[in-house]
Amino acid sequence: MAKVLLQAEGHHEPTVVTVVRGDDDGVMEVSVGATRHECRAESDENGGGRLLVKGRVVPFHAVRDGDHVLLWLGGRTYAFDIVRPGGRRAGGVGGEAAFVPHLSAPMPGTILKVQIGAGDRFEPHQPLVVIESMKMEMTLSAPHPGQVREIRCKVGELVDAGAVLMTFDESKGEGDDAA
Amino acid sequence: MFKKVLIANRGEIAVRIAGTLREMGVRAVGVYSEPDRGAVHVGACDEAYPLEGATSAETYLRGERIIEIAKAHGADAIHPGYGFLSENAEFAGRCAAAGLTFIGPTPDVIRAMGDKIVAKKTLADAGVPVVPGWSGKTNAGAAEFRKRAGEIGYPVLIKAAAGGGGKGMRVVRAETELDAALEAAQREAGAAFGDARVFLEKYISRPRHVEVQIFGDAHGNVVHLFERECSIQRRHQKIIEESPCWGMTPALREQICDAAVTAAKAIGYQNAGTVEFLLDESGAFYFLEVNTRLQVEHPVTELVTRLDLVRAQVLVASGEPLPFAQVDIRQHGCAIECRIYAEDPSRGFLPSTGRILRYVAPAGPNIRVDSGVAEGSEVSVHYDPMLAKLIVWGARREEAIRRAVCALRRYVILGVTTNVEFLRSVLEHPEFAAGRTHTHFLDEHRVAATDAAPVPDDAWIAAAIAAQQSTRPSPGAIGAGQPTHDPWQTAGAWRAG
């Protein structure tokens with residue numbers, strides 16, 4: 001029996017999927033949360049996979065990339081994180097937009113404009129930085145209210161994806177301080 | 001006829017041009033940047049030579065280096081494709097000076113039409129209707145712009161004189177927004193085109209974008225190949241195009257196509273080009289601009305007219321007369337193109353980069369995929385994020401829409417985020433089916449991909465099985481069409497394990 005904890009992109013709660021391998025026919029029992037399914041997985045000739053669930057044929061394509069699984073199934077694509085036992089993934093706090101203590105570059109690009117200063121407060125959706133990437137201007141806006149602690153980029157600078165452009169503090173009076 | 005043609009481009013358009021050149025018995029010469037060493041377009045050519053560097057400026061925009069390669073390897077002509085050097089009059093002139101044929105219009109025409117202000121004036125003088133606007137002293141200050149915008153009446157549109165692709169373009173709804181928009185448009189225009197001049201135009205609400213394919217030769221023949229409807233746009237860039245324009249009366253079609261031919265004749269147009277118009281809700285149309293190149297969306301015209309536009313471009317450039325007369329050109333059925341972009345529609349169409357780990361394009365009768373990528377391709381930050389184009393044909397529009405939806409449903413791209421599901425949402429929208437398209441369609445109907453939909457159990461199961469496979473080998477081991485990384489190759493492996 002193998003237990004896999006998966007978290008789908010855009011979903012807060014991970015789902016436990018249990019795979020129990022059956023006999024030599026490759027039949028297995030898979031539980032998704034509390035629901036049980038009996039199915040088979042096979043490879044098909046175009047290099048993809050197929051799932052046979054009670055006679056239904058469900059073609060899919062899946063690639064595992066480190067701790068991620070990318071999946072195409074039924075005309076949709078999905079991204080999953082494989083959650084390590086005892087491990088934690090960012091972002092899974094309750095319903096509202098979680099406080100993130102920094103603004104990072106979503107992709108490599110050049111900083112065109114910084115529209116806020118250190119110590120300034122900002123509202124959700126307020127434009128903070130304009131970045132040029134792939135010859136297009138993009139405005140990076142505040143994901144939530146807060147206050148700028150430190151600006152870590154300057155106009156004209158070429159930044160990598162994931163580079164921290166500025167750090168935030170939660171707006172005062174918002175209650176619990178994480179520190 | 002040419003013996004060898006150099007294709008100064010990359011991606012799907014380089015692949016598409018190489019295909020026609022080969023069919024014509026002309027050798028296709030490719031060029032490639034360092035990141036493009038293993039790219040699909042390199043393999044589509046008969047010979048290919050490297051351009052040192054990675055950025056567009058270092059590689060596909062380096063006209064003098066490309067001319068040098070063409071001369072060194074005995075090419076007779078250069079096909080610029082679209083983008084890059086395709087609308088660069090200076091490059092077209094340099095080709096001629098080096099004894100190479102530039103496959104496109106003459107440098108004078110490119111220059112005149114490349115300047116949107118000159119183009120508008122030239123066509124207005126020829127009697128083609130134009131959008132009211134102001135293109136006077138273009139280096140005037142914000143005060144002058146404010147005054148002129150007031151005269152035209154808000155909302156107004158700021159556009160780059162050297163523009164295209166939505167760069168340097170801003171909608172201004174009220175005077176208070178003008179200064180900031182002007183500054184942003186000028187900065188973006190300056191960065192994108194090296195020319196910060198902008199002009200004003202009356203902003204027409206809910207217009208349809210309709211363009212006419214034109215073709216001229218060196219013998220004075222000019223024809224049109226009917227219209228394309230390209231209203232479905234995000235960030236002022238087209239993502240879905242079709243032909244014919246749904247709901248257009250034969251009388252209006254004749255008027256708009258005649259206007260395009262009038263325009264082409266007025267400027268002595270040779271080779272393939274496109275005259276773009278805005279069509280308002282009353283049926284009035286206004287000239288927008290002339291694109292002096294092969295368009296991204298040319299395949300919809302090819303499927304509807306059953307003609308090969310690249311072949312005609314090559315013939316005309318070599319001095320032959322147009323291979324078709326106006327009476328021979330007919331519209332058959334309906335064609336729709338969907339542009340497949342590496343971008344995330346749920347995050348403001350932010351471009352997405354990475355390696356394509358899985359790629360299966362749909363195929364079947366009346367389905368055409370012009371693709372510039374394959375499994376293993378790297379989508380880098382250096383170039384336009386368009387990966388491929390899906391073009392379908394149907395006897396009627398509903399049939400074409402259904403075919404496109406089914407083809408998109410079978411399009412597998414893993415590794416980079418794409419707009420495939422978003423495109424399907426657009427095609428499945430009842431207002432799209434009804435043909436009520438306009439350039440603000442996506443904003444007005446808040447079309448979204450299916451992100452928020454729950455994950456079905458089948459997907460959890462497939463993902464859990466994949467999660468139990470060993471991780472893929474290092475990226476370097478992945479090559480186009482090599483299924484080595486595929487966990488499904490040996491279903492027994494995990495059963496035994």
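Biologist: How many bridges join β7(B) to β9(B)?

Modeller: Keep in mind that this is a predicted model, where local features need pLDDT of at least 70, side-chain atom pairs count only at pLDDT 80 or more, and totals for chains, interfaces and linings use all residues. Residues are numbered from 1 along each chain as its sequence is written, while chains are lettered from A and ligands numbered from 1 in the order in which they are written. Strands (E, at least two residues) and helices (H or I, at least four) are DSSP runs numbered from the N terminus, and two strands pair if DSSP finds at least two bridges between them. β7(B) and β9(B) run antiparallel, and the number of bridges joining them is five.

Biologist: In β9(B), which residue is the bridge partner of Lys159(B)?

Modeller: In general, strands of a sheet pair through backbone hydrogen bonds, either parallel or antiparallel. Here the antiparallel sense applies to β7(B) and β9(B). Looking in β9(B) for the bridge partner of Lys159(B), we find Phe199(B).

Biologist: Which are the edge strands, the ones that pair on one side only?

Modeller: β7(B) and β9(B) belong to an open sheet of four strands with antiparallel pairing, in the order β6-β9-β7-β8 of chain B. Each edge strand pairs on one side only, and these are β6 (133-134) and β8 (170-172) of chain B.

Biologist: Which residues of helix α6 of chain B are buried?

Modeller: A residue is buried if 20 or more other C-beta atoms lie within 10 Å of its own, exposed if 12 or fewer, and partly exposed in between, with C-beta atoms placed from the backbone. Helix α6 of chain B spans residues 116-125, and its buried residues are Lys116(B), Ala119(B), Lys120(B) and Leu123(B).

Biologist: What covers the buried residues of α6(B)?

Modeller: Cover is about contact, and two residues are in contact if their C-beta atoms, placed from the backbone, lie within 7 Å. For the buried residues of α6(B), it includes α5 (107-114), β7 (156-160), β9 (198-202), α9 (250-266) and β14 (285-291) of chain B.

Biologist: What separates the centres of domain 2 of chain B and domain 3 of chain B?

Modeller: Domain bounds come from an automatic or database domain assignment. Chain B gets domain 1 (4-103), domain 2 (132-202) and domain 3 (208-444). Taken over C-alpha atoms, the centres of domains 2 and 3 are separated by 27 Å.

Biologist: Thr305(B) next: how many C-beta neighbours does it have inside 10 Å?

Modeller: Thr305(B) lies in helix α10 (residues 298-305) of chain B. Leaving out residues up to four places away in sequence, it touches Leu225(B), Phe226(B), Ile329(B), Arg330(B) and Gln331(B). Thr305(B) counts as buried because its C-beta neighbours inside 10 Å number 20.

Biologist: On to chain A: how many strands are there?

Modeller: Of the 179 residues of chain A, 26% count as buried. Chain A has zero helices, and its strands number 16.

Biologist: Which strand of chain A gives the most to the side that touches chain B?

Modeller: In all, 54 residues of chain A are in contact with 43 residues of chain B. With seven residues, the strand giving the most to chain A's side is β6 (residues 56-65).

Biologist: And in β6(A), which residue is the bridge partner of Arg50(A)?

Modeller: β5(A) and β6(A) run antiparallel, joined by five bridges. In their hairpin, which has two residues between the strands, Lys54(A) takes a positive phi near 50°. The partner of Arg50(A) in β6(A) is Pro59(A).
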